[in-house]
Amino acid sequence: MSDPTMIWPGSTNAEALRVEKGASLPQTFLILPHEAKSLKAFGDEIVVHMGGAQTGGKYTAFTCVTPPGGGPPPHYHTNEDEWFVPLDGRVEFFLDGEWREVPLNSLLFIPRGTIHTFRNCGDTPLRVLTHTAPAGFEVFFARCAAEFAKAGPPDMARIVEISAEHGIHFVTD
C-alpha cells in the first residue's frame, strides 16, 4: 500500500485540487484555517472548508456563522442533501411543521426535497458545520455573496433566480 499524497493549497501540488466534476478524488488534502474562503450574504458568513474543486464535485463542507435571530426562509433543495452539526450557540430547526431546538454537537441530516429552515434562537452568534452532497452549494453562496457585495440593497429577484438555478426553492406558504 502506498502512502497517500498530501496536497496543500498554494503548494506545487495545488493543481491537483482542481478536479473536474465526476473525476476521482485526490487521495488526501488539508485546508488550513487561513486558506478557507470566507463569503458573506444574507447576514451570514460562511467559511468554505472544501468544495467541488477539492472533492471532484462530490461534497461541500463549510461553517456557517449566523447572528442572533438570523436564519434562512423555509426552503428545499432539489440538488443536494445537507447535514448540520451545531458547534456554538443555540439553534432551532423547522422540520415536519414544528420548531425543535437541537443540542450542540448533534447531527441533523436533511435529504433533498425536504422543506426546512433554521434560526439562531440564542443571543450569541451561531456556528454550524454544514455538509452538502453533491457539491455546488459553495458556488450558489459565492454568487449570492457577489450580489450582496454590490452597492445598495441586494436585488432579491436576482437572488431568487440564482437560488432556482442551483435547485434551491423558497416556500412561501
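**Strands, helices and a pocket in a predicted model**

Reader: How many bridges join β8 to β9?

Author: In this predicted model, β8 and β9 run antiparallel. Strands of a sheet pair through backbone hydrogen bonds, either parallel or antiparallel. The number of bridges that join β8 to β9 is five.

Reader: Which residue in the turn of the hairpin formed by β8 and β9 has a positive phi?

Author: The hairpin of β8 and β9 has two residues between its strands. With a phi of about 55°, the residue in question is aspartate 96.

Reader: Which strands stand at the edges of the open sheet?

Author: The open sheet has three strands in the order β9-β8-β11, with antiparallel pairing. Neighbouring strands are turned by 30° against each other on average, direction ignored. Two strands have a single partner strand each, so one side of each is left without a neighbour in the sheet; these are β9 (98-102) and β11 (117-120).

Reader: Is α2 roughly parallel or roughly antiparallel to α3?

Author: Two packed helices are described by the angle between their axes and the distance between the axes. Helix α2 (residues 137-148) and helix α3 (residues 156-165) pack with their axes 10 Å apart, at an angle of about 170°. An angle over 145 degrees counts as roughly antiparallel. The relation of α2 to α3 is therefore roughly antiparallel.

Reader: How many residues of the contact of α2 with α3 are nonpolar?

Author: From α2, the contact is made by Phe140, Arg143, Cys144, Glu147 and Phe148. The residues from α3 include Met156, Ile159 and Ile162. The contact has four charged residues and one polar residue, while the number of nonpolar residues is six.

Reader: What is the volume of the largest pocket?

Author: Rolling a probe the size of a water molecule over the atoms shows where empty space is left. The volume of the largest pocket is about 430 Å³.

Reader: Which residues of the lining lie nearest the centre of the largest pocket?

Author: Among the elements that each supply at least two residues of the lining are β4 (44-50), β7 (81-88), α2 and α3. By class, the lining has 17 nonpolar, seven polar and two charged residues. Of the 26 lining residues, those nearest the centre are Phe42, Asp44, Pro72, His75 and Phe137.

Methods:
Residues are numbered from 1 along each chain as its sequence is written. This is a predicted model: local features need pLDDT of at least 70, side-chain atom pairs count only at pLDDT 80 or more; totals for chains, interfaces and linings use all residues. Side-chain values use heavy atoms; hydrogens and water are left out. Two strands pair if DSSP finds at least two bridges between them. Helices (H or I, at least four residues) and strands (E, at least two) are DSSP runs, numbered from the N terminus. Axes are lines fitted to C-alpha atoms, for helices over the stretch in contact, and angles run from 0 to 180 degrees between N-to-C directions. Angles under 35 degrees count as roughly parallel, over 145 as roughly antiparallel, 65 to 115 as roughly perpendicular and the rest as oblique. Contact means heavy atoms within 4.5 Å. Ala, Val, Leu, Ile, Met, Phe, Trp, Tyr, Cys and Pro count as nonpolar, Asp, Glu, Lys and Arg as charged, and the others, Gly among them, as polar. On a 1 Å grid over the protein atoms alone, a cavity is a set of points where a 1.4 Å probe fits but cannot get out, and a pocket is an open set with protein on both sides within 12 Å along at least five of seven lines; lining residues have an atom within 4 Å of a point. Grid points are joined across faces, edges and corners, and a volume is the space filled by probe spheres set on the points.
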